[in-house]
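Open the model in your viewer and keep the selection panel at hand. This tour says what to pick next and what to look for.

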Amino acid sequence: MIRGAYVVLAGLFILTPLMVVCVVAFTSASFVSFPTPGFSLRWIIKVLADPAFMRPLANSVLLGLAAAVSAAFLAVPAALALARGGFRGAAEIEAFLLSPLSLPALILSIALLFYFSRLGMGAGFIGLLVGHTVIVLPYMLRTVLAVARGADPALEEAAFVLGADPWRSFLHVTLPILRPGIVAGALFAFLVSFDEVAVALLMSTVSTMTLPVAILNHVANNYDPAIAAISLIKIVLVVAVLVALELGFGLDRLMLSRRRP
Amino acid sequence: MALNRLLCLAALIASAPFAAAVAQDKIVVTSSGGVWLESAKANFAACFKERTGKEAEILLSASNEIMQKLRASPGKPPLDVVVLSETDAIRAGQEGLLEKITVEKVPNIKDVPEVFRKQWNDFATIQNFGAMIVMVNGEKVPNPPKDWKTLIDEVAAGKYGKRVSFPSLTMPWGPMFTWFLTTLYDGNEDMVFQKYKAMLPNIAKYWVSPVEALNMFAAKEIDILVYWDGRAYAFAEENKWAKAYIPEPGAFQSAAMLAKPKGAPDLAWQYVDCVLSPKAQLGHAQMVKYPIVNSTVVYPPALKAQLTPLERVRQPDFQVIIQKVPGWLDRWNREIR
């Protein structure tokens, strides 16, 4: 009973602000107010028809996917090496790879801006991708490392004994074992990248501006409820992805190892 | 095989923006968002397109972000025309990041009075200006005080309850407002900070975000708000319960500074000239409801009534402000925040 009440309270604590955003998105007023004086689709329609929001939304989705993929390419080999250990400095390397968690994103952003400018590249998609990969790498590494450390090395050995070369063994044995960690890490990576603003603020250009930066710019100069409308669209998009994953593959199947203790 | 396909896809995704960039034949300019962006598109970029046949891509960017980008690439700026805050424009000029505006490069500059350029040594010019004035809920405060000093004293005395919001010193134009208050108290900074402190118990919030401030006023959480004139008049026009007025003896001038970074192509001068052209300037004033700087522009009477006249505003001494800001911020954080 007490546990149930606690769950309801925690749920309300998390959901109530989101509910306010959802309600304000349908306001008929010209400014953000709650409760709303009336309901209308005007702000939803305005945002959906406005390239100033839709192009950054597409950029954010593309960037989130690219950052998750590139973080996976870096994190999976690193996680395997760290899980198998057996070399000096493994603990230090793990700490180094997780260190972006403690690095202020704004500092990283300024450093990237000056670094890429010196390389003659300036702000742009590559800079954004590098910045976001650095930021999301620890999330991917943690989840893959956790699965890799719990994996049974005998399975890979069995593949070798049965004649598989290292590449086939990796593709057909190791990768399926790591899949829950990779999918969970990719979800985290995508969501973190999708919401990231500090790096995107300095590294984005006209054509690569991300949704959080577009929202920030809009908020700085406008008081209309378009922000609530785009926030609602963003929430719907993320929930839709999670629902699609659940219906298509099953989140449990994707994110949890089949080997239960 | 699957891995190979993934690698190819990732490479393709990463290279796509580069391919687009190579094909671009346009300049990149900055603007604030919302109505500012709409005006930049409708007035400035349209004029530029008409003159040159080329596009001006508009990047929404704040002054401090622009400064970081200019400092990161001196001589090879990623931005071709920028809009900066007054103090950032002075700093950028001093740091050699901007090119001087001359009548040969920008013919329309001849119609911009010197007062709009002098403090910036011609490295930047004001494109439009505004003033910080007072908004009141006319239903709750039918007879607001006529002058700033009375307003401040009455707020400190609690006459309006805790339903008042003034700008924070930490917001970008906070130092300018503080400078303006010092002019009301014979240059006495201590007095200004005493007043800030005396008002504190009756201030709902010293606002940092303009949107947050206007939302508080729109939601009727506060009855008095010190705010930008253009948006204040526009809001009052839409909401009859709201009034906006300039207390005596006027207000301080705040401005959007237009500049061309050093190293940007000469084509960018055409955009600067467009921004200062009479047609674009009038169109801009009509959209954003702020006064512009081209002296040949004649406002329609209805618009003129909504704009703060130049003689009602005082232009801050930005060199003084740049020197004072660190000390003021330190004092604000210790005594007021």
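**Stop one: chain A**

Select chain A: 46% of its 261 residues count as buried (under 20% relative accessible area with a 1.4 Å probe, protein chains only; exposed is over 50%, partly exposed in between). This is a predicted model, where local features need pLDDT of at least 70, side-chain atom pairs count only at pLDDT 80 or more, and totals for chains, interfaces and linings use all residues. Residues are numbered from 1 along each chain as its sequence is written, chains are lettered from A and ligands numbered from 1 in the order in which they are written, and side-chain values use heavy atoms, with hydrogens and water left out.

Switch to cartoon. Chain A shows 12 helices and zero strands. Helices (H or I, at least four residues) and strands (E, at least two) are DSSP runs, numbered from the N terminus. The C-alpha trace of chain A spans about 70 × 60 × 30 Å along its principal axes.

Show the surface. Chain A exposes about 13,600 Å², with 73% supplied by carbon and sulfur atoms. These areas come from the Shrake-Rupley method with a 1.4 Å probe.

**Stop two: β1 and β2 of chain B**

Select residues 26-31 of chain B. This is strand β1(B), and five of its six residues are buried. Pairing requires at least two DSSP bridges between the strands. Find B:V29; B:I58 in β2(B) stands opposite.

With β1(B) and β2(B), α2(B) makes a right-handed β-α-β unit. To check the hand, point the strands away from you: the path from the first strand over the helix to the second runs clockwise.

**Stop three: β4 of chain B**

Select residues 125-137, strand β4(B). Here 13 of 13 residues are buried. Bring in its antiparallel partners one by one:

- β9(B), residues 251-259, pairs over six bridges; B:N128 stands opposite B:A256.
- β7(B), residues 224-228, pairs over five bridges; B:M135 stands opposite B:L225.
- β8(B), residues 242-245, pairs over four bridges; B:N137 stands opposite B:A242.

**Last stop: helix α9 of chain B**

Select residues 229-238. Why is helix α9(B) largely enclosed by the rest of the structure? Seven of its 10 residues are buried. Among them are B:Y233 and B:F235.
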